[in-house]
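Subject: Structure handover and findings

Hello,

Here is the structure we spoke about, with the sequence alongside. My notes follow below it.

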Amino acid sequence: MVKSVPMNTRDVLNQNLYPSSYENTRRKDFPYYDVQAIATGTTEYYFFVAALGNQFARNKRLPLSGSEVFFIEEIVGYIQLNIDTVALVDDLNELLQQSYLEISIDNRVVCKLPGLDFIQYVYGDTLIATGTSLAPKTHLAKRKLPLPIIMNSTSAFQFKFVTTSAAATAFNGINLRLSLQGLQLDKLDSFYWDNLKQNQFQQVPVTYYNTVPVTGAGENTYELFADASINQVLFSQTFPLSDIQTFSCQNIEVFVNQPDTPIEPTTIYNSRLFNVLKIRIDDVSYYSANLQEMLSIVAGFGSTLTTTPDTAVVNILNSRNSKTFKVPLEFPANSKVRITLTQPASSLGITGEITVAMRGIETRRVA
Amino acid sequence: MPVRRRKKVVVNTKQILDVMAAALIVQKAPDLINSFFPNLGLDPMMTKIAGAGAGYLTGVMLDRSDIANASLALAVVDLVSPMIDQVIGGVTGVPVENAGITMQPPLPPSNKYGALTQTDNYKGTGDFLSLNDYVDDPGVRMSVASYRDSY
(Lines give C-alpha, C1' and ligand atoms only; values in the text may rest on other atoms or scores of the structure.)
Protein backbone atom coordinates (compact mmCIF):
# COMPACT_ATOMS: atom_id res chain seq x y z
CA MET A 1 0.00 0.00 0.00
CA VAL A 2 1.47 3.29 -1.06
CA LYS A 3 0.94 6.31 1.16
CA SER A 4 -0.49 9.46 -0.38
CA VAL A 5 1.99 12.13 -1.37
CA PRO A 6 1.49 15.33 0.62
CA MET A 7 0.37 18.23 -1.53
CA ASN A 8 0.70 20.87 1.16
CA THR A 9 3.45 23.34 0.28
CA ARG A 10 3.60 24.31 3.96
CA ASP A 11 4.87 20.77 4.59
CA VAL A 12 7.36 21.20 1.77
CA LEU A 13 8.53 24.48 3.26
CA ASN A 14 8.98 23.00 6.72
CA GLN A 15 10.69 19.95 5.32
CA ASN A 16 13.16 21.82 3.17
CA LEU A 17 13.67 25.17 4.80
CA TYR A 18 14.10 24.47 8.45
CA PRO A 19 16.27 21.39 8.80
CA SER A 20 19.57 21.49 10.60
CA SER A 21 22.99 21.39 9.00
CA TYR A 22 24.65 19.34 6.25
CA GLU A 23 22.07 20.36 3.70
CA ASN A 24 22.99 21.45 0.21
CA THR A 25 21.29 24.84 0.36
CA ARG A 26 21.83 28.20 2.01
CA ARG A 27 18.69 29.71 3.51
CA LYS A 28 17.99 33.42 3.90
CA ASP A 29 15.06 35.48 5.08
CA PHE A 30 15.19 37.81 2.11
CA PRO A 31 12.53 40.17 0.74
CA TYR A 32 12.24 41.14 -2.91
CA TYR A 33 10.96 44.64 -3.63
CA ASP A 34 10.14 46.70 -6.67
CA VAL A 35 8.42 50.02 -7.41
CA GLN A 36 6.28 51.27 -10.25
CA ALA A 37 5.17 54.86 -10.75
CA ILE A 38 1.47 55.09 -11.49
CA ALA A 39 0.71 57.06 -14.62
CA THR A 40 -2.49 58.46 -16.08
CA GLY A 41 -3.88 56.20 -18.76
CA THR A 42 -1.89 53.13 -17.67
CA THR A 43 -4.00 50.59 -15.86
CA GLU A 44 -1.61 47.61 -15.89
CA TYR A 45 1.75 47.48 -14.10
CA TYR A 46 4.27 44.66 -14.15
CA PHE A 47 6.62 44.21 -11.23
CA PHE A 48 10.10 42.66 -11.13
CA VAL A 49 10.71 43.17 -14.85
CA ALA A 50 12.78 46.35 -14.76
CA ALA A 51 16.56 46.13 -14.83
CA LEU A 52 18.43 46.50 -11.56
CA GLY A 53 20.52 49.56 -10.96
CA ASN A 54 18.72 51.71 -8.43
CA GLN A 55 18.89 50.01 -5.04
CA PHE A 56 16.18 52.30 -3.69
CA ALA A 57 13.76 51.15 -6.35
CA ARG A 58 14.28 47.39 -6.64
CA ASN A 59 16.53 44.57 -5.59
CA LYS A 60 15.38 41.76 -7.84
CA ARG A 61 14.56 41.11 -11.42
CA LEU A 62 12.78 37.91 -12.42
CA PRO A 63 13.21 35.15 -13.48
CA LEU A 64 15.30 33.64 -10.74
CA SER A 65 18.65 32.18 -11.61
CA GLY A 66 19.11 28.43 -11.81
CA SER A 67 20.58 28.33 -8.33
CA GLU A 68 17.76 30.09 -6.47
CA VAL A 69 14.37 29.06 -5.16
CA PHE A 70 12.13 31.53 -3.35
CA PHE A 71 9.17 30.83 -1.05
CA ILE A 72 6.73 33.73 -0.90
CA GLU A 73 5.16 33.90 2.54
CA GLU A 74 3.81 37.47 2.65
CA ILE A 75 2.87 40.05 0.03
CA VAL A 76 2.97 43.73 0.91
CA GLY A 77 2.16 46.79 -1.19
CA TYR A 78 2.49 50.48 -0.34
CA ILE A 79 1.03 53.56 -1.97
CA GLN A 80 3.45 56.37 -1.30
CA LEU A 81 1.05 59.21 -0.54
CA ASN A 82 -0.56 60.59 2.60
CA ILE A 83 -4.31 60.06 2.37
CA ASP A 84 -5.63 63.22 3.90
CA THR A 85 -8.60 64.44 1.86
CA VAL A 86 -12.01 63.01 1.10
CA ALA A 87 -11.11 62.81 -2.57
CA LEU A 88 -7.98 60.81 -1.80
CA VAL A 89 -9.97 58.43 0.40
CA ASP A 90 -12.27 57.89 -2.56
CA ASP A 91 -9.25 57.19 -4.79
CA LEU A 92 -7.72 54.90 -2.20
CA ASN A 93 -10.96 52.93 -2.14
CA GLU A 94 -10.66 52.40 -5.88
CA LEU A 95 -7.18 51.05 -5.28
CA LEU A 96 -8.42 48.73 -2.55
CA GLN A 97 -11.69 47.50 -4.01
CA GLN A 98 -11.29 47.79 -7.76
CA SER A 99 -7.67 46.78 -8.29
CA TYR A 100 -5.92 43.47 -8.11
CA LEU A 101 -2.53 41.81 -8.17
CA GLU A 102 -2.45 38.79 -10.42
CA ILE A 103 0.32 36.25 -9.83
CA SER A 104 1.00 33.80 -12.66
CA ILE A 105 3.41 30.87 -12.73
CA ASP A 106 4.32 29.39 -16.09
CA ASN A 107 1.36 31.10 -17.74
CA ARG A 108 -1.15 29.82 -15.22
CA VAL A 109 -2.81 32.24 -12.80
CA VAL A 110 -2.16 31.25 -9.21
CA CYS A 111 -4.21 33.92 -7.47
CA LYS A 112 -5.78 37.30 -7.96
CA LEU A 113 -5.51 39.36 -4.79
CA PRO A 114 -7.58 42.55 -4.39
CA GLY A 115 -5.77 45.67 -3.23
CA LEU A 116 -7.47 45.57 0.15
CA ASP A 117 -5.57 42.37 0.91
CA PHE A 118 -2.09 43.80 0.79
CA ILE A 119 -1.84 47.57 0.21
CA GLN A 120 -0.49 49.66 3.07
CA TYR A 121 -1.12 53.38 3.37
CA VAL A 122 -0.72 56.34 5.69
CA TYR A 123 -3.68 58.54 6.48
CA GLY A 124 -4.76 61.06 9.02
CA ASP A 125 -7.40 63.52 10.05
CA THR A 126 -6.46 66.84 8.54
CA LEU A 127 -6.91 70.55 8.91
CA ILE A 128 -7.80 71.58 5.38
CA ALA A 129 -6.46 75.12 5.55
CA THR A 130 -2.96 74.16 6.51
CA GLY A 131 -2.98 70.64 5.11
CA THR A 132 -1.66 69.50 8.44
CA SER A 133 -2.30 65.96 9.56
CA LEU A 134 -3.70 66.04 13.06
CA ALA A 135 -3.11 62.42 13.90
CA PRO A 136 -1.35 60.56 11.11
CA LYS A 137 -1.68 56.81 11.24
CA THR A 138 -0.37 53.89 9.26
CA HIS A 139 -2.35 50.96 8.03
CA LEU A 140 0.15 48.14 7.76
CA ALA A 141 -1.81 45.38 6.09
CA LYS A 142 -0.01 42.42 4.65
CA ARG A 143 -1.29 39.40 2.84
CA LYS A 144 0.19 36.56 4.80
CA LEU A 145 -0.15 33.36 2.80
CA PRO A 146 -1.26 30.23 4.67
CA LEU A 147 0.61 28.21 2.08
CA PRO A 148 3.71 29.69 0.48
CA ILE A 149 3.88 30.30 -3.25
CA ILE A 150 7.02 28.67 -4.53
CA MET A 151 9.10 30.49 -7.12
CA ASN A 152 11.18 27.75 -8.63
CA SER A 153 14.38 28.38 -10.52
CA THR A 154 12.99 27.37 -13.86
CA SER A 155 9.54 28.94 -13.62
CA ALA A 156 8.31 31.99 -15.49
CA PHE A 157 6.69 34.40 -13.04
CA GLN A 158 4.46 37.40 -13.64
CA PHE A 159 3.24 39.94 -11.11
CA LYS A 160 0.63 42.12 -12.78
CA PHE A 161 -1.18 44.90 -10.95
CA VAL A 162 -4.37 46.15 -12.61
CA THR A 163 -6.34 49.17 -11.51
CA THR A 164 -9.00 51.52 -12.85
CA SER A 165 -8.32 54.53 -15.04
CA ALA A 166 -9.80 56.79 -12.35
CA ALA A 167 -7.28 55.53 -9.79
CA ALA A 168 -4.45 55.83 -12.32
CA THR A 169 -5.39 59.46 -12.92
CA ALA A 170 -5.76 60.21 -9.23
CA PHE A 171 -2.39 58.72 -8.30
CA ASN A 172 -0.50 59.93 -11.34
CA GLY A 173 3.19 60.13 -10.52
CA ILE A 174 2.80 58.34 -7.18
CA ASN A 175 4.92 55.29 -6.44
CA LEU A 176 3.33 51.95 -5.79
CA ARG A 177 5.74 49.58 -4.10
CA LEU A 178 5.44 45.81 -3.99
CA SER A 179 7.39 43.61 -1.62
CA LEU A 180 7.52 39.83 -1.45
CA GLN A 181 8.55 38.64 1.99
CA GLY A 182 9.81 35.13 2.25
CA LEU A 183 12.70 32.72 2.29
CA GLN A 184 15.31 32.30 -0.38
CA LEU A 185 17.23 29.09 -1.02
CA ASP A 186 20.63 29.33 -2.67
CA LYS A 187 21.61 25.95 -4.05
CA LEU A 188 25.14 25.10 -2.99
CA ASP A 189 25.04 21.89 -5.00
CA SER A 190 23.23 21.83 -8.26
CA PHE A 191 19.95 19.96 -8.07
CA TYR A 192 16.64 20.09 -9.84
CA TRP A 193 13.71 20.38 -7.51
CA ASP A 194 10.17 20.03 -8.73
CA ASN A 195 7.56 20.65 -6.06
CA LEU A 196 4.78 19.37 -8.30
CA LYS A 197 6.47 16.14 -9.26
CA GLN A 198 4.19 13.09 -9.09
CA ASN A 199 1.35 15.18 -7.72
CA GLN A 200 -1.91 15.28 -9.55
CA PHE A 201 -3.24 18.19 -7.48
CA GLN A 202 -1.77 21.31 -6.00
CA GLN A 203 -2.97 23.71 -3.34
CA VAL A 204 -2.58 27.47 -3.72
CA PRO A 205 -3.57 30.40 -1.50
CA VAL A 206 -6.30 32.52 -3.07
CA THR A 207 -8.68 35.36 -2.40
CA TYR A 208 -12.07 35.22 -4.05
CA TYR A 209 -13.41 38.77 -4.07
CA ASN A 210 -16.40 40.53 -5.60
CA THR A 211 -17.09 44.26 -5.52
CA VAL A 212 -20.69 45.32 -6.07
CA PRO A 213 -22.08 48.85 -6.21
CA VAL A 214 -24.58 49.92 -3.60
CA THR A 215 -27.71 50.59 -5.61
CA GLY A 216 -29.84 52.48 -3.15
CA ALA A 217 -31.06 52.88 0.38
CA GLY A 218 -33.97 50.45 0.12
CA GLU A 219 -34.01 46.81 1.15
CA ASN A 220 -31.88 44.91 -1.31
CA THR A 221 -30.15 41.56 -1.69
CA TYR A 222 -26.85 41.58 -3.51
CA GLU A 223 -25.98 38.39 -5.34
CA LEU A 224 -22.28 37.82 -5.00
CA PHE A 225 -19.81 35.77 -7.07
CA ALA A 226 -22.51 35.17 -9.63
CA ASP A 227 -21.79 37.44 -12.60
CA ALA A 228 -18.72 36.85 -14.73
CA SER A 229 -19.63 39.49 -17.27
CA ILE A 230 -18.68 42.46 -15.12
CA ASN A 231 -15.40 44.37 -15.26
CA GLN A 232 -12.42 42.15 -14.52
CA VAL A 233 -11.25 44.42 -11.69
CA LEU A 234 -14.46 43.81 -9.77
CA PHE A 235 -14.11 40.10 -9.13
CA SER A 236 -11.66 37.22 -9.10
CA GLN A 237 -13.94 34.18 -9.16
CA THR A 238 -17.53 33.19 -9.72
CA PHE A 239 -19.42 30.09 -8.63
CA PRO A 240 -19.89 27.28 -9.46
CA LEU A 241 -16.25 26.31 -9.56
CA SER A 242 -14.93 24.31 -12.45
CA ASP A 243 -14.71 20.55 -12.19
CA ILE A 244 -10.98 20.62 -11.43
CA GLN A 245 -10.96 22.92 -8.45
CA THR A 246 -12.30 23.07 -4.90
CA PHE A 247 -12.06 25.91 -2.40
CA SER A 248 -11.61 25.89 1.35
CA CYS A 249 -12.61 29.29 2.73
CA GLN A 250 -10.72 30.21 5.90
CA ASN A 251 -11.43 33.92 6.29
CA ILE A 252 -14.01 36.46 5.14
CA GLU A 253 -13.85 40.25 5.12
CA VAL A 254 -16.62 42.60 4.01
CA PHE A 255 -15.29 46.04 3.05
CA VAL A 256 -17.38 49.18 2.54
CA ASN A 257 -16.23 52.59 1.40
CA GLN A 258 -17.55 56.12 1.55
CA PRO A 259 -20.49 57.07 -0.65
CA ASP A 260 -20.11 59.47 -3.56
CA THR A 261 -21.45 62.19 -1.34
CA PRO A 262 -19.58 61.55 1.88
CA ILE A 263 -21.42 61.28 5.16
CA GLU A 264 -20.22 60.68 8.69
CA PRO A 265 -18.36 57.33 8.46
CA THR A 266 -19.62 56.00 11.78
CA THR A 267 -23.16 56.23 10.43
CA ILE A 268 -22.19 54.00 7.50
CA TYR A 269 -20.40 51.60 9.81
CA ASN A 270 -23.34 51.24 12.20
CA SER A 271 -25.71 50.78 9.30
CA ARG A 272 -23.68 48.11 7.48
CA LEU A 273 -22.79 46.19 10.61
CA PHE A 274 -26.14 44.46 10.70
CA ASN A 275 -26.48 43.55 7.07
CA VAL A 276 -26.80 39.77 6.70
CA LEU A 277 -24.36 37.59 4.80
CA LYS A 278 -25.67 34.18 3.76
CA ILE A 279 -23.72 31.35 2.21
CA ARG A 280 -25.54 28.28 0.86
CA ILE A 281 -23.70 25.33 -0.65
CA ASP A 282 -25.78 22.66 -2.36
CA ASP A 283 -28.89 23.97 -0.60
CA VAL A 284 -27.28 23.66 2.84
CA SER A 285 -27.02 26.89 4.79
CA TYR A 286 -23.41 27.14 5.89
CA TYR A 287 -23.35 30.74 7.09
CA SER A 288 -26.06 33.23 7.91
CA ALA A 289 -25.09 36.06 10.20
CA ASN A 290 -24.55 39.79 10.34
CA LEU A 291 -21.21 41.46 9.69
CA GLN A 292 -20.28 42.17 13.29
CA GLU A 293 -17.14 40.04 13.08
CA MET A 294 -16.04 40.90 9.56
CA LEU A 295 -16.85 44.50 8.59
CA SER A 296 -14.14 46.83 7.36
CA ILE A 297 -14.48 50.46 6.35
CA VAL A 298 -12.28 53.21 4.98
CA ALA A 299 -14.24 56.43 4.67
CA GLY A 300 -13.60 60.11 5.10
CA PHE A 301 -15.82 63.03 5.89
CA GLY A 302 -15.17 66.71 5.77
CA SER A 303 -16.76 69.03 8.29
CA THR A 304 -16.24 72.49 9.61
CA LEU A 305 -15.45 73.35 13.17
CA THR A 306 -17.53 76.19 14.49
CA THR A 307 -14.61 78.29 15.51
CA THR A 308 -13.45 81.68 14.46
CA PRO A 309 -12.20 81.54 11.78
CA ASP A 310 -14.15 78.48 10.55
CA THR A 311 -11.78 75.59 10.19
CA ALA A 312 -12.45 72.77 7.77
CA VAL A 313 -11.31 69.36 8.87
CA VAL A 314 -11.35 65.90 7.35
CA ASN A 315 -11.77 62.94 9.61
CA ILE A 316 -11.13 59.43 8.36
CA LEU A 317 -12.44 56.19 9.80
CA ASN A 318 -10.16 53.24 9.02
CA SER A 319 -11.31 50.01 10.59
CA ARG A 320 -10.29 46.57 9.33
CA ASN A 321 -11.80 43.39 10.62
CA SER A 322 -12.23 39.89 9.27
CA LYS A 323 -13.55 36.61 10.54
CA THR A 324 -11.30 33.54 10.52
CA PHE A 325 -13.31 30.35 10.49
CA LYS A 326 -12.44 27.59 12.94
CA VAL A 327 -14.10 25.18 10.57
CA PRO A 328 -13.34 26.23 7.01
CA LEU A 329 -16.18 26.46 4.51
CA GLU A 330 -15.63 23.81 1.87
CA PHE A 331 -16.82 24.57 -1.64
CA PRO A 332 -16.77 21.44 -3.81
CA ALA A 333 -16.22 21.44 -7.53
CA ASN A 334 -19.34 22.04 -9.62
CA SER A 335 -21.52 22.61 -6.58
CA LYS A 336 -24.52 24.91 -6.37
CA VAL A 337 -23.42 27.98 -4.43
CA ARG A 338 -25.39 31.06 -3.49
CA ILE A 339 -23.78 33.90 -1.57
CA THR A 340 -25.90 36.93 -0.78
CA LEU A 341 -25.62 40.10 1.25
CA THR A 342 -28.92 41.64 2.34
CA GLN A 343 -29.40 45.20 3.53
CA PRO A 344 -32.58 46.32 5.29
CA ALA A 345 -34.74 49.25 4.26
CA SER A 346 -33.39 52.72 5.00
CA SER A 347 -29.80 51.60 4.76
CA LEU A 348 -27.36 54.44 4.79
CA GLY A 349 -24.29 54.73 2.64
CA ILE A 350 -26.69 54.90 -0.29
CA THR A 351 -23.96 54.80 -2.90
CA GLY A 352 -20.48 53.40 -2.90
CA GLU A 353 -19.23 49.83 -3.20
CA ILE A 354 -19.23 46.73 -1.04
CA THR A 355 -16.46 44.17 -1.42
CA VAL A 356 -16.73 40.67 -0.03
CA ALA A 357 -13.37 38.91 0.10
CA MET A 358 -13.12 35.19 0.89
CA ARG A 359 -9.61 33.98 1.58
CA GLY A 360 -8.41 30.42 1.74
CA ILE A 361 -6.89 27.53 -0.12
CA GLU A 362 -7.82 26.32 -3.57
CA THR A 363 -7.12 22.72 -4.53
CA ARG A 364 -6.83 22.29 -8.26
CA ARG A 365 -5.59 19.78 -10.75
CA VAL A 366 -2.06 20.22 -11.94
CA ALA A 367 -2.05 21.20 -15.64
CA MET B 1 -0.83 -54.83 0.51
CA PRO B 2 2.69 -53.64 0.83
CA VAL B 3 3.18 -50.42 2.77
CA ARG B 4 4.16 -47.59 0.53
CA ARG B 5 7.27 -45.97 1.72
CA ARG B 6 7.06 -42.26 1.59
CA LYS B 7 9.90 -40.57 -0.05
CA LYS B 8 12.02 -38.61 2.35
CA VAL B 9 11.68 -34.87 1.71
CA VAL B 10 15.14 -33.53 1.27
CA VAL B 11 15.82 -30.00 2.38
CA ASN B 12 17.58 -28.42 -0.56
CA THR B 13 19.30 -25.41 0.97
CA LYS B 14 20.63 -24.19 -2.37
CA GLN B 15 17.16 -24.20 -3.88
CA ILE B 16 15.69 -22.42 -0.87
CA LEU B 17 18.33 -19.70 -1.12
CA ASP B 18 17.76 -19.34 -4.85
CA VAL B 19 14.00 -18.95 -4.42
CA MET B 20 14.55 -16.46 -1.57
CA ALA B 21 16.87 -14.44 -3.79
CA ALA B 22 14.32 -14.55 -6.61
CA ALA B 23 11.52 -13.36 -4.29
CA LEU B 24 13.63 -10.49 -2.96
CA ILE B 25 14.63 -9.37 -6.44
CA VAL B 26 11.06 -9.50 -7.76
CA GLN B 27 9.81 -7.43 -4.80
CA LYS B 28 12.62 -4.92 -4.40
CA ALA B 29 13.83 -4.33 -7.96
CA PRO B 30 10.90 -1.98 -8.81
CA ASP B 31 11.73 0.28 -5.84
CA LEU B 32 15.33 0.38 -6.95
CA ILE B 33 14.31 1.28 -10.49
CA ASN B 34 12.00 4.06 -9.19
CA SER B 35 14.77 5.57 -7.10
CA PHE B 36 17.13 5.77 -10.07
CA PHE B 37 14.52 6.76 -12.64
CA PRO B 38 11.85 8.59 -10.62
CA ASN B 39 10.18 10.14 -13.66
CA LEU B 40 9.27 6.82 -15.28
CA GLY B 41 5.87 6.68 -13.54
CA LEU B 42 5.42 2.93 -13.91
CA ASP B 43 2.04 1.46 -13.11
CA PRO B 44 1.75 -1.68 -10.91
CA MET B 45 1.55 -4.10 -13.85
CA MET B 46 4.77 -2.77 -15.35
CA THR B 47 6.58 -2.78 -12.02
CA LYS B 48 5.76 -6.47 -11.54
CA ILE B 49 6.99 -7.27 -15.01
CA ALA B 50 10.13 -5.22 -14.39
CA GLY B 51 10.75 -7.14 -11.18
CA ALA B 52 10.30 -10.47 -12.96
CA GLY B 53 12.64 -9.38 -15.72
CA ALA B 54 15.28 -8.35 -13.21
CA GLY B 55 15.03 -11.71 -11.45
CA TYR B 56 15.25 -13.64 -14.71
CA LEU B 57 18.29 -11.69 -15.87
CA THR B 58 19.98 -12.25 -12.51
CA GLY B 59 19.42 -15.98 -12.83
CA VAL B 60 20.84 -15.97 -16.36
CA MET B 61 23.91 -13.96 -15.40
CA LEU B 62 24.66 -16.08 -12.33
CA ASP B 63 23.86 -19.27 -14.24
CA ARG B 64 21.22 -20.28 -11.67
CA SER B 65 18.15 -21.60 -13.33
CA ASP B 66 16.27 -21.78 -10.02
CA ILE B 67 16.46 -18.01 -9.56
CA ALA B 68 15.26 -17.38 -13.10
CA ASN B 69 12.41 -19.87 -12.92
CA ALA B 70 11.29 -18.78 -9.46
CA SER B 71 11.22 -15.12 -10.55
CA LEU B 72 8.93 -15.95 -13.45
CA ALA B 73 6.67 -18.05 -11.21
CA LEU B 74 6.41 -15.33 -8.58
CA ALA B 75 5.62 -12.68 -11.17
CA VAL B 76 2.87 -14.81 -12.67
CA VAL B 77 1.38 -15.35 -9.20
CA ASP B 78 1.43 -11.57 -8.59
CA LEU B 79 -0.39 -10.97 -11.86
CA VAL B 80 -2.96 -13.75 -11.48
CA SER B 81 -3.80 -13.14 -7.82
CA PRO B 82 -5.84 -9.93 -8.37
CA MET B 83 -7.81 -11.68 -11.11
CA ILE B 84 -8.74 -14.46 -8.69
CA ASP B 85 -9.70 -11.82 -6.13
CA GLN B 86 -12.06 -10.31 -8.65
CA VAL B 87 -13.81 -13.62 -9.14
CA ILE B 88 -14.15 -14.74 -5.54
CA GLY B 89 -14.43 -11.30 -3.92
CA GLY B 90 -10.99 -11.30 -2.38
CA VAL B 91 -10.07 -10.43 1.15
CA THR B 92 -10.91 -6.72 1.10
CA GLY B 93 -14.05 -6.58 -0.97
CA VAL B 94 -17.48 -8.11 -0.64
CA PRO B 95 -19.55 -8.64 -3.78
CA VAL B 96 -22.42 -6.18 -3.95
CA GLU B 97 -25.86 -7.57 -4.57
CA ASN B 98 -27.97 -5.46 -6.85
CA ALA B 99 -31.22 -6.74 -8.26
CA GLY B 100 -29.90 -10.25 -8.29
CA ILE B 101 -26.75 -9.29 -10.16
CA THR B 102 -23.57 -9.59 -8.18
CA MET B 103 -21.21 -6.70 -8.80
CA GLN B 104 -17.65 -6.45 -7.67
CA PRO B 105 -16.52 -3.53 -5.53
CA PRO B 106 -14.73 -0.81 -7.48
CA LEU B 107 -10.99 -1.20 -7.73
CA PRO B 108 -8.82 1.85 -7.20
CA PRO B 109 -7.24 3.16 -10.38
CA SER B 110 -3.56 2.60 -11.11
CA ASN B 111 -1.22 4.97 -9.37
CA LYS B 112 0.33 6.25 -12.53
CA TYR B 113 0.70 9.72 -11.07
CA GLY B 114 1.77 8.54 -7.67
CA ALA B 115 -0.75 10.65 -5.75
CA LEU B 116 -3.42 9.53 -3.34
CA THR B 117 -3.06 5.81 -3.76
CA GLN B 118 -4.51 4.68 -0.45
CA THR B 119 -5.90 1.46 -1.80
CA ASP B 120 -8.02 0.77 1.25
CA ASN B 121 -9.82 4.10 1.19
CA TYR B 122 -11.98 4.23 -1.91
CA LYS B 123 -13.93 7.25 -0.73
CA GLY B 124 -10.76 9.25 -0.25
CA THR B 125 -9.59 8.35 -3.73
CA GLY B 126 -12.95 9.21 -5.22
CA ASP B 127 -12.95 12.68 -3.63
CA PHE B 128 -9.84 13.80 -5.37
CA LEU B 129 -10.06 12.14 -8.72
CA SER B 130 -13.55 13.40 -9.34
CA LEU B 131 -13.36 16.55 -7.24
CA ASN B 132 -17.12 16.32 -7.16
CA ASP B 133 -17.39 15.56 -3.50
CA TYR B 134 -16.51 17.52 -0.44
CA VAL B 135 -12.94 17.38 0.59
CA ASP B 136 -13.64 15.37 3.69
CA ASP B 137 -10.26 13.79 4.16
CA PRO B 138 -9.00 15.61 7.24
CA GLY B 139 -5.44 14.64 6.35
CA VAL B 140 -5.51 17.07 3.45
CA ARG B 141 -7.27 20.05 5.04
CA MET B 142 -5.19 22.58 6.89
CA SER B 143 -5.83 22.79 10.61
CA VAL B 144 -7.07 26.08 12.06
CA ALA B 145 -3.82 26.36 14.06
CA SER B 146 -1.82 26.40 10.82
CA TYR B 147 -3.85 29.10 9.04
CA ARG B 148 -5.13 31.24 11.90
CA ASP B 149 -2.01 33.42 12.00
CA SER B 150 -2.35 34.29 8.33
CA TYR B 151 -5.39 36.47 8.80
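In which strand of chain A is Ile79(A) found? Ile79(A) is found in strand 4 of chain A; strands here are DSSP runs of E with at least two residues, helices are runs of H or I with at least four residues, and both are numbered from the N terminus.

Some ground rules before the rest. This is a predicted model, in which local features need pLDDT of at least 70 and side-chain atom pairs count only at pLDDT 80 or more, while totals for chains, interfaces and linings use all residues. Residues are numbered from 1 along each chain as its sequence is written, chains are lettered from A and ligands numbered from 1 in the order in which they are written, and side-chain values use heavy atoms, with hydrogens and water left out.

The two chains

Chain A has 5 helices and 23 strands. Of its 367 residues, 53% count as buried, where buried means under 20% relative accessible area, exposed means over 50%, and partly exposed lies in between (1.4 Å probe, protein chains only). Its accessible surface is about 15300 Å², with 51% belonging to carbon and sulfur atoms; areas come from the Shrake-Rupley method with a 1.4 Å probe, and for residues only the protein chains shown count as cover. Taking contacts in chain A between residues at least 6 apart in sequence, 79% join residues at least 24 apart. Contact means heavy atoms within 4.5 Å.

Chain B has 5 helices and 2 strands, and along the sequence they follow the pattern α-α-α-β-β-α-α. Of the 151 residues in chain B, 21% are buried. Chain B exposes about 10900 Å², and carbon and sulfur atoms supply 63% of that. Among its contacts with a separation of 6 or more, 41% are between residues 24 or more positions apart.

Ile79(A) has a relative accessible area of 0% and is buried. Setting aside neighbours within four places in sequence, the residues in contact with Ile79(A) include Ile38(A), Leu92(A), Leu95(A), Tyr121(A) and Phe171(A).

Leu92(A) and Leu95(A) are among the buried residues of helix 2 of chain A. That helix covers residues 86-97, and its 12 residues reach 16 Å from first C-alpha to last, close to the 16 Å expected at 1.5 Å a residue; the expected span is 1.5 Å times one less than the number of residues. Because 10 of its 12 residues are buried, helix 2 of chain A is largely enclosed by the rest of the structure.

Thr340(A)

Thr340(A) lies in strand 22 (residues 337-343) of chain A and is buried, at a relative accessible area of 4%. Beyond its neighbours within four places in sequence, Thr340(A) is in contact with residues including Thr221(A), Glu223(A), Val276(A) and Lys278(A).

Aromatic rings

Over all chains the structure holds 13 aromatic pairs. Rings of Phe, Tyr and Trp (its six-membered ring) pair if their centres lie within 6.5 Å; planes under 30 degrees apart are stacked, over 60 edge-to-face, and the rest tilted. One of the pairs is Phe48(A) with Phe159(A), edge-to-face at 5.5 Å centre to centre and 65° between the planes. Phe48(A) lies in the loop between strand 3 (44-47) and strand 4 (68-83) of chain A and Phe159(A) in strand 12 (residues 157-162), so the pair ties together parts 111 residues apart in sequence. Both Phe48(A) and Phe159(A) are buried.

The rings of Tyr121(A) and Tyr123(A) have centres 6.0 Å apart and planes at 55°, so that pair is tilted. Tyr121(A) and Tyr123(A) are buried as well. Tyr208(A), Phe225(A), Phe239(A), Phe247(A) and Phe331(A) form one aromatic cluster.

Lys112(A) lies over the face of Tyr100(A), 4.2 Å from the ring centre, and Lys323(A) over that of Phe325(A), at 5.4 Å. The criterion is NZ of Lys or CZ of Arg within 6 Å of the ring centre and within 35 degrees of the ring normal.

Cysteines

A search of the whole structure finds 0 disulfides, a disulfide being a pair of cysteine sulfur atoms within 2.5 Å. The sulfur of Cys111(A) is 15 Å from the closest cysteine sulfur, in Cys249(A), too far for a bond. Cys111(A) is buried at 3% relative accessibility, and Cys249(A) is buried at 0%.

Regards
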